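Here is a short briefing on one protein chain. Look at the picture, then work through the points below.

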Amino acid sequence: MKLLLENWRKFINEVEMQDATMLSIFDFDETIAFTTSYADAFDKNTGEFVKRIYSQKEQDAAKDSGLYDLDFSSYDEVEAPMEVKSVTSKLRKRIADPRVQVMVLTARASRSEDDIHRYLQSLEPPIDTTELLIKGLAGANKGEFTLDVLDRYRNFTSVEFLDDSDKNLSDMKAASEKRPDVDFEIYKAHEGSINPVE
């Protein structure tokens with residue numbers, strides 16, 4: 001996590017975020033777009049292939065069980081994405097607002113960042129990614145990562161977070177409790193609907 005944050009700091013220095021007061025964070029898979037990516041689960045004891053897991057909920061459950069080693073290499077490239085228009089509509093509105101810094105924070109590895117840029121620019125109409133930050137966390141805690149950004153950039157008074165993963169939503173909720181001075185709005189994106197998490 002430390003190296004990840006150091007790399008992030010180098011990257012973030014290239015982008016001007018001082019004027020924004022809201023940090024709006026969007027997940028990619030099953031939030032911005034549905035993809036055909038999957039995780040292969042292998043038995044931790046024998047190393048044998050057990051099953052292929054497509055849904056985020058099942059992947060979270062497999063991780064939590066401690067029974068499997070998961071291979072997420074299919075997430076290295078963005079394949080066959082299908083736009084979730086209710087989410088991309090919100091993404092476009094946030095990008096157009098100069099008071100908002102928009103970020104796509106994905107559990108994918110950093111090597112997928114260019115593919116996500118290209119995909120967003122291929123939509124109709126294209127999404128301008130010039131000021132959009134896209135960061136692959138390779139499964140790191142999104143809540144802790146957001147806290148680091150808030151510590152580094154004191155201008156943010158609010159955070160908006162959209163994700164489909166219950167674990168990521170829980171991690172962000174825990175982060176919000178550590179920063180009562182920042183207004184957090186946390187939303188579960190599921191099958192195209194966007195619902196607040198209490």
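The points that follow cover the sheets, the helices and a few single residues. Keep in mind that this is a predicted model. Another open sheet has three strands.

- Strands of a sheet pair through backbone hydrogen bonds, either parallel or antiparallel.
- In which sense do strands S9 and S10 pair? S9 (residues 158-163) and S10 (residues 183-190) pair in the parallel sense, over six bridges.
- Leu162 stands opposite Tyr187 in S10.

**Helices across that sheet**

- From H5, the contact uses Lys142, Gly143, Glu144, Thr146 and Leu147. From H6, it uses Asn168, Asp171, Met172, Ala175 and Lys178.
- What classes of residue make up the contact of H5 with H6? There are three nonpolar, three polar and four charged residues.

- Glu144 lies in helix H5. Is Glu144 buried or partly exposed? Glu144 is partly exposed, because its relative accessible area is 36%, between the cut-offs of 20% and 50%.
- The side chains of Glu144 and Lys178 are joined by a polar contact of 2.9 Å.
- Glu144 and Ala109 are 35 residues apart in sequence. In space, they are 17 Å apart, C-alpha to C-alpha.
- Arg179 lies in the loop between H6 and S10. Arg179 counts as buried because its relative accessible area is 9%, and buried means under 20%.
- The side chain of Arg179 makes a polar contact of 3.2 Å with the side chain of Asp151.
- Which residues does Arg179 touch, not counting those up to four places away in sequence? They are Leu147, Leu150, Asp151, Arg154 and Phe184.

**Helix H4 and its buried side**

- Helix H4 covers residues 113-122. Its buried residues are Glu113, Asp115, Ile116, Tyr119 and Leu120.
- Why do these residues lie on the same side of H4? They cover an arc of only 160 degrees around the axis, and this puts them on the same side.
- An α-helix has 3.6 residues a turn, so residues three or four places apart point the same way.
- The buried residues of H4 pack against strand S2 (33-34), strand S6 (82-83), helix H3 (85-96), S7 and S8.

**The three-strand sheet**

- The strand order is S4-S3-S5, and the pairing is antiparallel.
- S4 (49-53) and S5 (68-71) stand at the edges. Each has a single partner strand, so one side of each is left without a neighbour in the sheet.
- Neighbouring strands of this sheet are turned by 25 degrees against each other on average, direction ignored.
- Helix H2 (residues 56-65) packs on the sheet and touches S3, S4 and S5. The direction of H2 makes about 140 degrees with that of S5.
- S3 (residues 39-43) and S4 pair over four bridges in the antiparallel sense. Phe42 stands opposite Phe49 in S4.
- S3 and S5 pair in the antiparallel sense over four bridges. Asp40 has Asp71 in S5 as its bridge partner.

**The turn at Gly47**

- S3 and S4 form a hairpin with five residues between them. Gly47 is in the turn, with a positive phi of about 80 degrees.
- Gly47 counts as partly exposed because its relative accessibility is 46%.
- Gly47 and Asp69 are 22 residues apart along the chain. Their C-alpha atoms are separated by 8.0 Å.

Definitions and conventions
Residues numbered from 1 in each chain as written. Predicted model: local features only at pLDDT ≥ 70, side-chain atom pairs only at ≥ 80, totals over all residues. Heavy atoms only, no water. Pairing = 2+ DSSP bridges. Helix = DSSP H or I, 4+ residues; strand = E, 2+ residues; numbered from the N terminus. Buried < 20%, exposed > 50% of the residue type's maximum accessible area, 1.4 Å probe, protein only. Arc of directions from axis to C-beta. Contact = heavy atoms within 4.5 Å. Polar contact = N/O pair within 3.5 Å; in protein donor to acceptor, adjacent residues only side chain to side chain. Nonpolar A, V, L, I, M, F, W, Y, C, P; charged D, E, K, R; others polar. Axes fitted to C-alpha atoms, helices over the stretch in contact; angles between N-to-C directions.
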